[in-house]
Amino acid sequence: CKITEYDAFLVKDNDEIKIYIYEPLKVETDKILLYIHGGGFAFKGYGKHYYMCKRYALEGNCKAVYVDYRVAPKHQYPIPVEDCYRVYKWIIENAIDLKIDINKIIVCGDSAGGCLSVDVTRCAIKDNIVKPCLQMLIYPVLDKRMITKSMQEYTDTPMWNSKLNHKMWEYYLGGKEYISPNEIEDLSNMPTTYIEPAEYDCLHDEALEFAQKLKNASIRVILYETKNTMHGFDIKNTHITEDAILNRIKMLNEI
């Protein structure tokens, strides 16, 4: 797998947004994935995120762009969204050099990265530019209201829980107004969406709710509910994790 690093975008206060492009060497491909890592909007990605991006590229037969967006609380909403969307537009603007088909762009994110993925799609729709053909949301953050049953139930689960979730939204928004994905009234322009909730996760029910709202809007939804899993279960190399990863890769190979 060829990995290219770019100090691609100089932004306010001389910060740089780094991106990494993963390209399979043994196959020609014209599809590309924008991978947006999780971390509660506040943490940079880590080794597992880079591993997943590389694996999606190799086994999903696509180029994959990893975006190292700026994070809260120093960089609150809307900065992380703007960073990710800027990279999305860069992909479209450089489609010829990247040798990709702009109608084969996938956005994918885990946890907070799932929320950012939906927001990138929303920005593309709002600006009337090419929207992703697929969004893949892995145990995604989708609702700032925190009103679901699973949010009330999982208050002390490992890795993530509703108490941490509440702090996350405070750090990320800092009191700013924001319409989270589950609050969107019209989802009729959304692309095909793959949603993968974890069973013992405070975010579980908001993922199901988002899936149902998309279906109600006649959007194709692939819902893959993992069982006996907690938020961030990718960190453990188990047969459950492997089955989930293979299911995601199957989706990529359908493009």
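Colleague: How far apart are the mean positions of the positive and negative charges of the chain?
Modeller: They are 2 Å apart, for 32 positive and 37 negative charges. Lys and Arg count as positive, Asp and Glu as negative; His and the chain ends are not counted. A charge is placed at NZ of Lys, CZ of Arg, CG of Asp or CD of Glu.

Colleague: What kind of model is this, and what are its ground rules?
Modeller: This is a predicted model: local features need pLDDT of at least 70, side-chain atom pairs count only at pLDDT 80 or more, and totals for chains, interfaces and linings use all residues. Residues are numbered from 1 along each chain as its sequence is written, and side-chain values use heavy atoms, with hydrogens and water left out.

Colleague: What makes the radius of gyration agree with a compact globule?
Modeller: The rule is 2.2 Å times the number of residues to the power 0.38, and the radius is taken over C-alpha atoms. For 255 residues, a compact globule would be near 18 Å; the chain has 17 Å, so the two agree. The C-alpha trace spans about 50 × 45 × 35 Å along its principal axes.

Colleague: How many helices and strands does the chain have?
Modeller: It has 8 helices and 10 strands. These are DSSP runs, numbered from the N terminus: helices are H or I with at least four residues, strands are E with at least two.

Colleague: Why is serine 150 called buried?
Modeller: Buried means under 20% relative accessible area, exposed over 50%, partly exposed in between (1.4 Å probe, protein chains only). Serine 150 has 2% relative accessibility, so it counts as buried. Of the 255 residues of the chain, 55% count as buried.

Colleague: Where is serine 150, and what does it touch?
Modeller: Serine 150 is in helix α5, residues 149–153. Leaving out residues up to four places away in sequence, it touches Asp201, Cys202, Leu203, His204 and Asp205. Contact means heavy atoms within 4.5 Å.

Colleague: How far is the sulfur of cysteine 53 from the closest cysteine sulfur?
Modeller: It is 8.1 Å from the sulfur of cysteine 62, which is too far for a bond. A search of the whole structure finds 0 disulfides.

Colleague: What surrounds cysteine 115?
Modeller: Cysteine 115 sits in helix α4. Beyond four places in sequence, it is in contact with Phe41, Val141, Trp169, Tyr178 and Pro181.

Colleague: Is serine 111 buried or exposed?
Modeller: Its relative accessible area is 5%, so serine 111 is buried. It lies in the loop between β5 (105–110) and α4 (112–126). Apart from neighbours within four places in sequence, its contacts are Gly38, Ile138, Tyr139, Pro140, Val141 and His231.

Colleague: How do you know where threonine 241 stands, buried or exposed?
Modeller: At 2% relative accessibility, threonine 241 counts as buried. It lies in helix α8, residues 239–253. With residues up to four places away set aside, threonine 241 touches Phe233, Asp234 and Lys236.

Methods. Disulfide = S-S within 2.5 Å.
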